[in-house]
Amino acid sequence: MNPVTIATNTDLQWKDSLTTESSLVRWVLIGTAFLYLTLFLFVPLVAIFTEALKHGLSSYVDSFLNDDALAAIRLTLLVAAVAVPLNALFGVAAAWAIAKFEFVGKQALITLIDMPLAVSPVISGLIYVLLFGAQSWLGPWLAEHDIKIIFALPGIVLATIFVTVPFVARELIPLMQSQGREEEEAAITLGASGWQTFTRVTLPNIKWSLLYGVILCNARAMGEFGAVSVVSGHIRGLTNTMPLHVEILYNEYNAVAAFGVASLLTLLAIVTLSAKALIERKTVSLNRQNIHV
Amino acid sequence: MNLSLKQPSVLPGFGLTLGFTLFYFSLIVLIPLSGLFVKTSSLSWEQFWNIVTTPRAIASYQLTFGASLVGAFINGIFGSIIAWVLVRYHFPGRSVVDALVDLPFALPTAVAGITLTSIYASNGWIGRYLEPLGIKVAFTPLGVLVALTFIGLPFVVRTVQPVLQDLDREVEEAATTLGANRWQTFWAVIVPELWPALLTGIAMAFARAVGEYGSVIFIAGNMPLKSEITPLLIMTKLEQYDYAGATSLGVVMLVTSFVVALMINLLQWWSSARHMNQ
């Protein structure tokens, strides 16, 4: 959808009596929406922090300031630090090829890039176990050379990359397609190099969507549970990411600590949603300026 | 790179970016995924069929697909109401609600899982009021439905919302001027416009729910034949080193997901074709 139409349509006020409902219907609908959102969104959100703070602030802080939790936080940051830049690079490259050129099979490629989103996280982990596990045909060779992929860091990184591959590409492809290629063609014709054209013409046009794609990719990378659970082996202090640590604590009936670590992941989710709202506002106001010029 | 497959352009970097895209995507996604089918092909058709039709597997499909479908329809109804309210009405806190709708996307599934479990357990904030009514949610199939409804919540809202925003108000005014009441206008003018988006949203919520693992396993109770979803059954088989079993069930799920994804693509193509005609 074209962002420009969002900007103009949100300005419309639906107050015209010809096309709006009686105030009774209106408040019933708003009430229904709020009830549903309360049950499924507001109550869970409040519950996470209430459970985490049940035994006071100091035991809350203790829940993530201990060796196991800190190791989990470090591992999660490390995995995201590898997965997110690689997928951002992939997203930019894919969007450049798809948006700036016409070639056979383009539509199929766009559909293909979304494929990991349709795959169950458990299967995303399973395929790497089949490829690199001890029972696979690569297994004996890997064991011989003492290379650990499954139940080790590389497996966790691979599964995370798989799950988050499409996020940056999905943000950039429709945007760059709608922007066309005239500005870049002008820059090249005027003698700019390909790299100069990208950094000075394309990048300023896509920076907000790129940033949002990266934030979304990061949130998913840090929060991934199913795929990582299959390949991790759940070794405490070694291959436990934050979501896996939450699971272990919860299964040990240590609810306060589980919700303590969970609250950090929830804060990450809230930051992600706020960033989305801010970036949306930013791009809408940019478009509005363009309309007025 | 066969250049005749590409239209000429003055812009550089086609070979480099497309080459990297295809190389990276093949390495990370296509080759590992095809391994699933290669592994399954080592089984005979009969072996495969016996694995994927055990009573335990069939019970897990019924729960996974059934709960996903019901959850998607619940979201179809309430998601449409939420989208309508967000686009058409102004009320305090609207922008916060709008932003929060995406929470199930952004919240890690394990966090959603433990939270829903503690709320809907018999001593939880909501569960304690359902218990006297004889309704048990946590550790029953109903818990699976709650989790799958939660994670599907944003899809319908986010597909219906832009269509409602784009809807031409003059058409509604015309209907009213021609004597239709609000209810008739809604059914005869607005609903036909929303159909493709609504169906797309429901299909997306369904697709997401079918594969879901993290938010379900805590609340489900995970009793074989009763409250065990297919992804968990795959996980259980993996933990027992039953790779043939895990892989066969994985293929069933993957093929189903692709069929649903194809349907979503057709629905989107249908809705954009309708837009073009106008």
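User: How many helices and strands does chain B have?
Analyst: Chain B has 13 helices and zero strands, where helices (H or I, at least four residues) and strands (E, at least two) are DSSP runs numbered from the N terminus. Along the sequence the pattern reads α-α-α-α-α-α-α-α-α-α-α-α-α. Keep in mind that this is a predicted model, in which local features need pLDDT of at least 70 and side-chain atom pairs count only at pLDDT 80 or more, while totals for chains, interfaces and linings use all residues. Residues are numbered from 1 along each chain as its sequence is written, and chains are lettered from A and ligands numbered from 1 in the order in which they are written.

User: And what is the secondary structure of chain A?
Analyst: Chain A comes to 15 helices and zero strands.

User: How much of each chain counts as buried?
Analyst: In chain B, 46% of the 278 residues count as buried, and in chain A buried residues make up 43% of 293. A residue is buried if 20 or more other C-beta atoms lie within 10 Å of its own, exposed if 12 or fewer, and partly exposed in between, with C-beta atoms placed from the backbone.

User: What about the confidence? Which pLDDT does each chain average?
Analyst: pLDDT is the predictor's confidence in each residue, from 0 to 100. Chain A averages 89, and 91% of its residues score at least 70. Over residues 1-16 of chain A, though, the pLDDT is below 50; beyond near neighbours in sequence, that stretch has 19 contacts in the model. A contact here puts the C-beta atoms of two residues, placed from the backbone, within 7 Å. Chain B averages 91, with 97% of the residues scoring at least 70.

User: Which ipTM and pTM does the complex get?
Analyst: The predictor gives the complex an ipTM of 0.90 and a pTM of 0.90.

User: On to the interface. How many residues of the two chains are in contact?
Analyst: 78 residues of chain B are in contact with 77 residues of chain A. On the chain B side, helix H1 (residues 14-41) gives the most, with 14 residues. That side of chain B divides into 51 nonpolar, 18 polar and nine charged residues. Ala, Val, Leu, Ile, Met, Phe, Trp, Tyr, Cys and Pro count as nonpolar, Asp, Glu, Lys and Arg as charged, and the others, Gly among them, as polar.

User: Which residues touch the most other members of the largest nonpolar core?
Analyst: Those are Ala95(A), Leu126(A) and Val246(A), in a core of 158 residues. A nonpolar core is a set of buried Ala, Val, Leu, Ile, Met, Phe, Trp, Tyr and Cys residues joined through C-beta atoms within 7 Å. The largest share of this core, 17 residues, comes from helix H4 (residues 67-100) of chain A.

User: Which residues is Val246(A) in contact with?
Analyst: Leaving aside neighbours within four places in sequence, Val246(A) is in contact with Ala258(A), Val261(A) and Ala262(A), and also with Ala110(B), Val111(B) and Ile114(B).

User: Back to helix H4 of chain A. Is Val92(A) buried or exposed?
Analyst: Val92(A), which lies in that helix, is buried because 23 other C-beta atoms are within 10 Å.

User: What about helix H3 of chain A? Which residues there are buried?
Analyst: In H3(A), residues 56-64, the buried ones are Tyr60(A), Ser63(A) and Phe64(A). They sit on the same side of H3(A) because they cover an arc of only 85 degrees around the axis, the arc being that of the directions from the helix axis to the C-beta atoms. On the other side of H3(A), Ser58(A) and Val61(A) are exposed.
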